[in-house]
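Hello,

Please find the structure below. My notes follow it.

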Amino acid sequence: MTDTSDLSALSQEAREKYERQRQEYAALCALDIPGHRRDAYLEKFMCDFDRLCGMPCFPVVAVNLAGNQLILGTRIAKLRRYDEGPLREIGEFIICISKRPSGFTFQNVTRQINGFHHPHIQISGTMCIGEKAELNAKITDGDLADVASRLWIALNTSNGSAYSNPDDWPLAADQTENQR
């Protein structure tokens, strides 16, 4: 779905559930934003939720408002070693973006190689990513849709410093690169 007009084909119950998740997403994004600015951002955050639900890389989007978390289920991440050679199938992930404290973790639900979830994700689920401070600042500001998009790109990218060798991961059956 890319906008709420697509909801007309859904049942009333599904529309209500979607709207509830949308409201919870906006509330999660607005945490720690001062009251005088908060209301101005709520509509933007609800539009961001619609955009996030329209991203094919995230077939599952859930909000855990009590835990201050956005939970995303991904499609299969694939990457090339140093952007050369055949694509390697890394797996499907659960990404947890936490608002308090700001941060994100990953769990590969398909496979681990020597305990690692990804060539750039430690056994603990923490990713080695150069822009971590910038992403945490965006989380604090409520820009979770942008953070999610950037994390998807990172899952499909490899560089020279890895916890595990990308060549240890199986060849992807489909050698078409994922949309970024």
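Leu70 touches Tyr25, Leu28, Leu52, Val61, Ala62, Val63, Ile95, Cys96, Ile97 and Leu144, leaving aside residues up to four places away in sequence. Contact here means heavy atoms within 4.5 Å.

This is a predicted model: local features need pLDDT of at least 70, side-chain atom pairs count only at pLDDT 80 or more, and totals for chains, interfaces and linings use all residues. Residues are numbered from 1 along each chain as its sequence is written, and side-chain values use heavy atoms, with hydrogens and water left out.

Leu70 also belongs to the largest nonpolar core, which has 42 residues. Leu52, Phe58, Leu70 and Ile97 touch the most other members. Helix α4 (residues 144-155) gives the largest share of this core, eight residues. A nonpolar core is a set of buried Ala, Val, Leu, Ile, Met, Phe, Trp, Tyr and Cys residues joined through side-chain atoms within 4.5 Å. Buried means under 20% relative accessible area, exposed over 50%, and partly exposed in between (1.4 Å probe, protein chains only). Helices (H or I, at least four residues) and strands (E, at least two) are DSSP runs, numbered from the N terminus.

**The sheet**

Four strands form an open sheet in the order β1-β2-β5-β6, with antiparallel pairing. β1 and β6 (103-108) stand at the edges with a single partner strand each, so one side of each has no neighbour in the sheet. From one strand to the next, the twist averages 15 degrees. Helix α1 (residues 12-30) packs on the sheet and touches β1 and β2. The direction of α1 makes about 60 degrees with that of β1. Axes are lines fitted to C-alpha atoms, for helices over the stretch in contact, and angles run from 0 to 180 degrees between N-to-C directions.

Now the pairs. Two strands pair if DSSP finds at least two bridges between them.

- β1 (residues 60-64) and β2 (residues 69-73) share five bridges. Val63 stands opposite Leu70 in β2. Four residues lie between these strands in the hairpin, where Asn68 takes a positive phi near 55 degrees.
- β2 and β5 (residues 93-98) pair over five bridges. Here Leu70 stands opposite Ile97.
- β5 and β6 pair over six bridges. Ile94 stands opposite Gln107 in β6.

**Helix α3**

Helix α3 (residues 132-140) lies across β5 and β6, at about 110 degrees to β6. Which residues of α3 are buried? They are Leu135, Asn136 and Ile139. Seen down the axis of α3, the buried residues fall within an arc of 100 degrees, so they line one face of the helix. The arc is taken from the directions from the helix axis to the C-beta atoms. Their cover includes β5, β6 and α4. Ala137 is also in α3. It counts as partly exposed, at 38% relative accessibility. Gly142 follows α3 and has a positive phi, near 90 degrees.

**Arg80**

Arg80 lies in strand β3 (residues 77-81). Its side chain makes a polar contact with the side chain of Glu177 (2.9 Å). A polar atom of the Arg80 side chain also lies 2.5 Å from the backbone oxygen of Gly85. A polar contact is a pair of N or O atoms within 3.5 Å; within protein, one must be able to donate a hydrogen and the other to accept it, and residues adjacent in sequence count only if both atoms are side-chain atoms.

Best wishes
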